[in-house]
Amino acid sequence: MNSEKTAKHFDLTGKVALVTGGTRGLGLAMARAFADAGASVVVSSRKAGACAEAARTIREDTGARCIGVPCHVADWDDCDALVAAAYGEFGKVDVLVNNAGMSPPYESLVSVSRELFDKVIGVNLAGPFRLSALVGTRMAAGEGGSIINISSTAAAMPTSSEIPYGAAKAGLQNMTTGLAHTFGPGVRCNCIMPGPFLTDISKAWDMAAMNDLFDRMIPLGRAGRADEIVGAALYLASDASSYTNGAIIKIDGGMSFAAS
Ligand SMILES: NC(=O)c1ccc[n+]([C@@H]2O[C@H](COP(=O)([O-])OP(=O)(O)OC[C@H]3O[C@@H](n4cnc5c(N)ncnc54)[C@H](OP(=O)(O)O)[C@@H]3O)[C@@H](O)[C@H]2O)c1
């Protein structure tokens, strides 16, 4: 095998990638991988300090151009400003990753306030919609591009503790199909559907209970590491996936509700 020829399929030299929630966890792993593949990168999250720090680390580790821009994705004014900053700095966006997401815990379904419900929809669905509308429209009018949404296996297999979140992520998957039709042929839109990954989210897990769950539900018997999202992200961001559109790629060690 010629590794140089293989790497060419995944090369992002000259491309610009914007990753929301890019300061930690899966987002940071993807942003770093894009930079390693030659892209210039915009990392974003709510906290300005975290954005600056992630951008600095990526620049130092990879030599790529990288800026950090704070944005609360549920705030559409923030989304507009993020897109303006990305185009202002780099003149284009080739890859948009709608990765920022959250699933706040709740005591019971009746304890879920309207505010919490709206926040979950705002971060996991409305923000990605606004960013995709802004960036996808410009991609379609320009050189094209790739939009990657990060959903969750909760979209298909929601547990009682993540019902608003699962609904929002199911909406994100539905939106992936719609955007794949809307922005083609120049722009592809796909979705990565992760199962459990050991990021900051997992710090709130009861690990003994979760490990028992993994044993029963995941043939690989464990949660994923953040860097195990990178292969799919590089595939969808690059020309390697030039005929992949509207796809939902499940990365969950083979998880299913059927207990083994
Ligand atoms: N880890 C898992 O087990 C798992 C499983 C299925 C799906 N997912 C999905 O994968 C994505 C990444 O998850 P992760 O585990 O990497 O999460 P994480 O480690 O908690 O990181 C979340 C990132 O999103 C940012 N963020 C949070 N709320 C935001 C908001 N309102 N606006 C903008 N940025 C925001 C955070 O930074 P700030 O705090 O600075 O804003 C951080 O950079 C999410 O969409 C999540 O739903 C994760």
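Which hand does the crossing of α5 and α6 have? Right-handed. By that I mean the near helix is turned clockwise from the far one; left-handed would be anticlockwise by less than a right angle.

Some ground rules. This is a predicted model: local features need pLDDT of at least 70, side-chain atom pairs count only at pLDDT 80 or more, and totals for chains, interfaces and linings use all residues. Residues are numbered from 1 along each chain as its sequence is written. Helices (H or I, at least four residues) and strands (E, at least two) are DSSP runs, numbered from the N terminus.

Back to α5 and α6. Their axes come within 8 Å and cross at roughly 15°. Axes are lines fitted to C-alpha atoms, for helices over the stretch in contact, and angles run from 0 to 180 degrees between N-to-C directions. The pair is therefore roughly parallel, a label for angles under 35 degrees.

Who touches whom? Contact means C-beta atoms, placed from the backbone, within 7 Å. From α5, the contact residues include F117, I121, L125 and F129. From α6, they include Y165, A168, L172 and M175. By class, the contact has 12 nonpolar, 4 polar and 1 charged. Nonpolar is Ala, Val, Leu, Ile, Met, Phe, Trp, Tyr, Cys and Pro; charged is Asp, Glu, Lys and Arg; the others, Gly among them, are polar.

Now α6 itself, residues 163-182. At 1.5 Å a residue, its 20 residues should span 28 Å, and the end C-alpha atoms are 28 Å apart, so the two agree. The expected span is 1.5 Å times one less than the number of residues.

Which residues of α6 are buried? P164, Y165, G166, A168, K169, L172, M175, T176 and L179. Buried means 20 or more other C-beta atoms within 10 Å of a residue's own, with C-beta atoms placed from the backbone. The cover includes α5 (114-141), β5 (145-150), β6 (187-194) and β7 (248-251).

Next, α2 (residues 25-36) and α8 (residues 230-237). They pack at about 55°, axes 9 Å apart. That makes them oblique, therefore. The crossing is right-handed. A29, M30, A33 and F34 of α2 meet V230, A233, L234 and A237 of α8. The tally is 8 nonpolar, no polar and no charged.

Last pair: α2 and α3 (residues 48-62). The axes come within 10 Å and cross at roughly 35°. This crossing is right-handed. L28, A31, R32, A35 and D36 of α2 meet A54, I58, D61 and T62 of α3.

Methods:
A residue is buried if 20 or more other C-beta atoms lie within 10 Å of its own, exposed if 12 or fewer, and partly exposed in between; C-beta atoms are placed from the backbone. Two residues are in contact if their C-beta atoms, placed from the backbone, lie within 7 Å. Angles under 35 degrees count as roughly parallel, over 145 as roughly antiparallel, 65 to 115 as roughly perpendicular and the rest as oblique.
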